[in-house]
Amino acid sequence: MNGLVIKNTGSWYSVLTDEGDVVESKIKGNFRLKGIRSTNPVAVGDRVNITVNKEGTAFITEILDRRNYIIRKSPNLSKQSHIIAANVDQVLLIVTVNYPETSTTFIDRFLASAEAYRIPVVLVFNKTDLLNDDERRYQEMMVNLYETIGYKCMQISATLPDTLSLMEPLLKDKITLFSGNSGVGKSTLLNQLIPGVNLKTAEISDAHNTGMHTTTFSEMLRLPFGGWAIDTPGIKGFGTFDMEPEEICGYFKEIFRFSKDCKFANCTHTHEPNCAVRKAVEEHYISESRYNSYLSMLEDKEEGKYREAF
């Protein structure tokens, strides 16, 4: 029978069958023989086929074709990838200017990976109510930067009651992945959107201004107004995976636009003469932070941090 993977606890997968039942399933061993170099060959959002053996245990025997997925380099195993979620309509990347601070490098790496699979991303700047005047001005600058590039941005405070009316039209009847660093307020936001879900939240660490993991597994949650939210553990870094150096430019919208005017078709935008991209950085048409994020991804490749995907 076919179904949708709605929860992954590491060893067991909850599968919502097409008949409406939730069946706890395991992975059939031969998945590990197919060269799938991933810490989680089956991801939340996957459509799968399951069979039940004589003992009554359900096994996932087949992953149906994915239309997309968000993937990153496994933080612990450099030769492997980690699939965050599959078959999503959009991503809400929750970021915070402070409490904790989300780096532009993290944002840009995430956006580049989503571009690779043409998954729309909405940047949600949370905890706006906690910002002082300088932080608020910096947030406005960030919003202006990313909106100019072409990304939709929202500024919210997940603890305030008007959050639901802001978010509902965006999420209704869609499968949305909620992602971001630990501590940015994903669980708080989902608690506002889904009455009674009561996801665990935690204060950020005062000593380091960093978030602490409260979500320990990925899960699809049904939204009361239609659609699904995929809740995932907070991630500290985002190692991009399975990108060739010549492809990376294409995942930075504004860099790609200027690259068409470079003298050389194979320009890496690092040292070549008559490089339109470096000229655009000098003239502030491309932000220095975005260009530095692009360079950091090129350096990853050179240092062998990328590995062949499955």
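Predicted model: local features only at pLDDT ≥ 70, side-chain atom pairs only at ≥ 80, totals over all residues.
Ser296 lies in helix H8, which spans residues 288-302. Once residues up to four places away in sequence are set aside, Ser296 touches Thr105 and Arg109. With Arg109 there is also a polar contact: the two side chains meet at 3.2 Å.

The next step is helix H1, which covers residues 104-116. Its partner here is helix H2, residues 133-149. Two packed helices are described by the angle between their axes and the distance between the axes. For H1 and H2, the axes come within 13 Å and cross at roughly 25°. Angles under 35 degrees count as roughly parallel, so H1 and H2 fall into that class. The crossing of H1 past H2 is right-handed. On the H1 side, the contact is made by Thr104, Ile107, Asp108 and Leu111. H2 contributes Tyr138, Met142 and Tyr146.

A separate site is found at Arg67, in the loop that links strand E5 (58-63) to strand E6 (69-73). Which residues does Arg67 contact, leaving aside its neighbours within four places in sequence? They are Asn87, Val88, Asp89 and Ile175. For Asn87, the separation from Arg67 is 20 residues in sequence, while the C-alpha to C-alpha distance is 5.5 Å. With Asp89, the Arg67 side chain makes a polar contact, side chain to side chain, at 2.9 Å.

These sites can be set against the whole protein. Its secondary structure consists of eight helices and 13 strands. Among contacts with a separation of 6 or more, 66% are between residues 24 or more positions apart.

Definitions and conventions: Residues numbered from 1 in each chain as written. Heavy atoms only, no water. Helix = DSSP H or I, 4+ residues; strand = E, 2+ residues; numbered from the N terminus. Contact = heavy atoms within 4.5 Å. Polar contact = N/O pair within 3.5 Å; in protein donor to acceptor, adjacent residues only side chain to side chain. Axes fitted to C-alpha atoms, helices over the stretch in contact; angles between N-to-C directions. Parallel < 35°, antiparallel > 145°, perpendicular 65-115°, else oblique. Left-handed = near helix turned anticlockwise from the far one by under 90°.
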